Amino acid sequence: MAAASEVVFERCPPLKPFPVRKGKRLAPGWWWSATTGRLVHYGSAAMRLHVMLLDRDPRVGGLAARPLELRWREPGGVRAHAPQLMLRLADGQGVLADCTARPELSQRQRSLAAVVGEICAAVGWRYWVLGPVDPVYRRNVAWLAGYRHPRNHGGPQLAAALQEAFVEPAPLREGVRGIGDPMLVLPSLFHALWAGRLAAELGAAMHERMLVWAQAAK
């Protein structure tokens, strides 16, 4: 109980690296987080996907991989589990999360989720099980993630021009050409879409005629 309120878990390193498993299509790696400016470890394709999505989620202010392990007693002995992710939401609430590529949880996973959920609730946290994501949305966010670094911002003048060009929904191509050279403007536009200053329907395929609009400042 004390550790939950005193330890900044979202800034802690992983307890240990994720292992390399033979036959897996994706090896463990590191994701540079635009939210924290730090590297976040991942151990699977499902986990990498959700690290990417959480990095874009405006609710998330802190993100770390497996910084703690939970232990509890059961009739058969002591059981342990290290949730894959620890999040800190903008309102200060902590969240533990695990990632899965399967649409349905096994009985073992449901049992584990129930216990971890109770533990989190006891300290004022939440527990999420993050599952499959729409493939079109996933590919679109993955594209925008390539422009998440601040170097693609383009500066205040270009950012203001984008806001003005898309103050009303307009096709991407028309808005960009009205500002200047697409080779210079597009990286800034994609960065603004990643950061949420601009918006588009990311559940559909991205193309040069898709509608883009400015998000109201919060």
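**Pockets and cysteines**

Analyst: Happy to! The lining of the largest pocket is made up of 17 nonpolar, seven polar and nine charged residues (Ala, Val, Leu, Ile, Met, Phe, Trp, Tyr, Cys and Pro count as nonpolar, Asp, Glu, Lys and Arg as charged, and the others, Gly among them, as polar). This is a predicted model: local features need pLDDT of at least 70, side-chain atom pairs count only at pLDDT 80 or more, and totals for chains, interfaces and linings use all residues. Residues are numbered from 1 along each chain as its sequence is written, and side-chain values use heavy atoms, leaving out hydrogens and water.

User: Which residues lie nearest the centre of the largest pocket?

Analyst: Rolling a probe the size of a water molecule over the atoms shows where empty space is left. Here, K24, G43, S44, Q84 and C99 lie nearest the centre of the largest pocket.

User: How many disulfides does the structure hold?

Analyst: A disulfide is a covalent bond between the sulfur atoms of two cysteines. The structure holds zero disulfides, counted as pairs of cysteine sulfur atoms within 2.5 Å. For C12, the nearest cysteine sulfur is that of C120, 15 Å away. C99 is in no disulfide either, and its nearest cysteine sulfur, also that of C120, is 14 Å away.

User: Is C99 buried or exposed?

Analyst: C99 counts as buried, at 13% relative accessibility (buried means under 20% relative accessible area, exposed over 50%, partly exposed in between, with a 1.4 Å probe and protein chains only). C12 is partly exposed, with a relative accessible area of 25%.

Technical notes
On a 1 Å grid over the protein atoms alone, a cavity is a set of points where a 1.4 Å probe fits but cannot get out, and a pocket is an open set with protein on both sides within 12 Å along at least five of seven lines; lining residues have an atom within 4 Å of a point.
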